[in-house]
Amino acid sequence: MFEIWDSFSGDCWKKEINVSDFIKSNYKGYHGDGSFLQGPTSNTKALWETCQNLLEKENEAGILGVDLENIASIDGFCAGYIDQSRELIVGLQSNEPLKRIINPFGGIRMVESSLKQYGLKVPEDLNAFTDEHVKTHNQGVFDAYTEEMKKVRSCGLLTGLPDAYGRGRIIGDYRRISLYGVDYLIEKKKEDLDDLKTIFDLETITLRENINDQIKALKAMKKMAEAYDYDLSQPARNSTEAVQHLYFGYLASVKENNGAAMSLGRVSTFLDIYFEKDLQENN
């Protein structure tokens with residue numbers, strides 16, 4: 001379907017979303033030494049020096065900035081750069097290096113306590129909105145608890161996540177964005193929706209709602225990348241695009257979710273296939 005796919009072996013992964021089959025069909029182990037490797041470029045060194053200086057400033061000040069105008073979302077921020085002229089892979093959580101964003105969806109109390117440490121306050125309109133329309137983690141827990149659970153919890157015999165702790169470990173699979181491109185993933189999600197139209201029970205309704213949310217997130221991801229003049233719609237054509245596609249997927253997840261541990265996952269074998277392709281083609 002895509003010209004870039006002609007460069008890779010295998011058939012199953014071209015008919016269905018199957019990253020595992022793509023890796024099994026294309027990965028070749030390397031048993032040589034590292035003599036072919038090169039050290040960091042001058043641009044990389046300069047960028048890292050800039051990052052170190054920023055980290056030192058943040059360590060001294062406690063915080064370099066917070067965006068109080070926008071709340072956490074995939075496409076809610078302008079493009080941000082460390083040093084645009086030197087960056088090969090781009091994308092920041094906000095529009096400036098180390099500028100924090102606020103995420104009230106895990107619980108507004110966490111946001112309030114975090115900002116208070118730096119003499120800042122949650123905007124009044126945001127506070128009013130979350131109080132009225134956003135269910136916090138704590139509210140969700142207590143809506144689910146039975147009266148017996150609440151009593152056992154109150155006397156300390158039962159404990160769960162702390163009330164203000166609405167986060168967990170999130171490990172996404174961002175490789176499929178590089179391999180298939182966002183438009184193809186959206187197409188496949190729409191096919192999933194079309195398959196869910198015969199039985200309309202609670203499970204199906206919930207699943208359809210989740211798939212529609214996934215489609216909206218994929219579209220927002222494209223919009224986020226467009227702010228950097230980058231196109232996520234098609235599969236990655238080379239290793240640089242494979243890394244950038246994958247990173248934008250991870251960045252979208254970080255922007256939207258309030259995860260205590262946002263893992264990039266095991267991507268080295270997948271990306272190695274693209275690096276090997278470029279080496280063989282002298283790109």
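**Reading the chain**

Trainee: Does C78 count as buried or exposed?

Mentor: Relative accessible area decides this: buried means under 20%, exposed over 50%, and partly exposed in between, with a 1.4 Å probe and protein chains only. At 57% relative accessibility, C78 is classed as exposed. C155 is likewise exposed, at 52%. Please note that this is a predicted model, in which local features need pLDDT of at least 70 and side-chain atom pairs count only at pLDDT 80 or more, while totals for chains, interfaces and linings use all residues. Residues are numbered from 1 along each chain as its sequence is written, and side-chain values use heavy atoms, with hydrogens and water left out.

Trainee: To what number does the count of disulfides come?

Mentor: A disulfide is taken as a pair of cysteine sulfur atoms within 2.5 Å. By this rule the chain has zero disulfides.

Trainee: How many helices and strands does the chain have?

Mentor: Both are DSSP runs numbered from the N terminus: helices are H or I with at least four residues, and strands are E with at least two. Here there are twelve helices and four strands. Along the principal axes, the C-alpha atoms fill a box of roughly 65 × 60 × 35 Å. Of the 283 residues, 36% are buried.

Trainee: Where is I74 found, and which residues does I74 touch?

Mentor: I74 belongs to the loop between strand 1 and strand 2, and is buried because its relative accessible area is 6%. Leaving out residues up to four places away in sequence, I74 touches A217, A220, M221, M224, A252, K255 and E256. Although I74 and K219 are 145 residues apart along the chain, their C-alpha atoms are separated by 9.7 Å.

Trainee: How far does helix 10 reach from its first C-alpha to its last?

Mentor: The expected span is 1.5 Å times one less than the number of residues. Helix 10 (residues 202-226) has 25 residues and reaches 37 Å, close to the 36 Å expected. Its buried residues include I211, I215, A217, L218, A220, M221 and M224. Among the elements that cover the buried residues of helix 10 are helix 8 (175-180), helix 9 (182-195) and helix 11 (239-256).

Trainee: Of the eight residues of helix 7, what is the number buried?

Mentor: For helix 7 (residues 147-154) that number is zero, so this helix lies largely in the open. G156 follows helix 7 and has a positive phi, near 85°.

Trainee: What is the phi of L98, and what is the phi of D229?

Mentor: L98 has a positive phi of about 65° although it is not a glycine. This residue is in the loop between strand 1 (66-71) and strand 2 (100-102), and at 30% relative accessibility L98 is partly exposed. D229, also not a glycine, has a positive phi of about 55°. D229 sits in the loop between helix 10 and helix 11 and is exposed, at 75%.

Trainee: Where does K121 lie, and which residues does K121 touch?

Mentor: K121 is in the loop between helix 4 (108-116) and helix 5 (124-133), and its relative accessible area of 71% makes K121 exposed. Not counting residues up to four places away in sequence, K121 touches L68 and L115. The C-alpha atoms of K121 and M1, 120 residues apart along the chain, are separated by 52 Å.

Note on methods:
Contact means heavy atoms within 4.5 Å.
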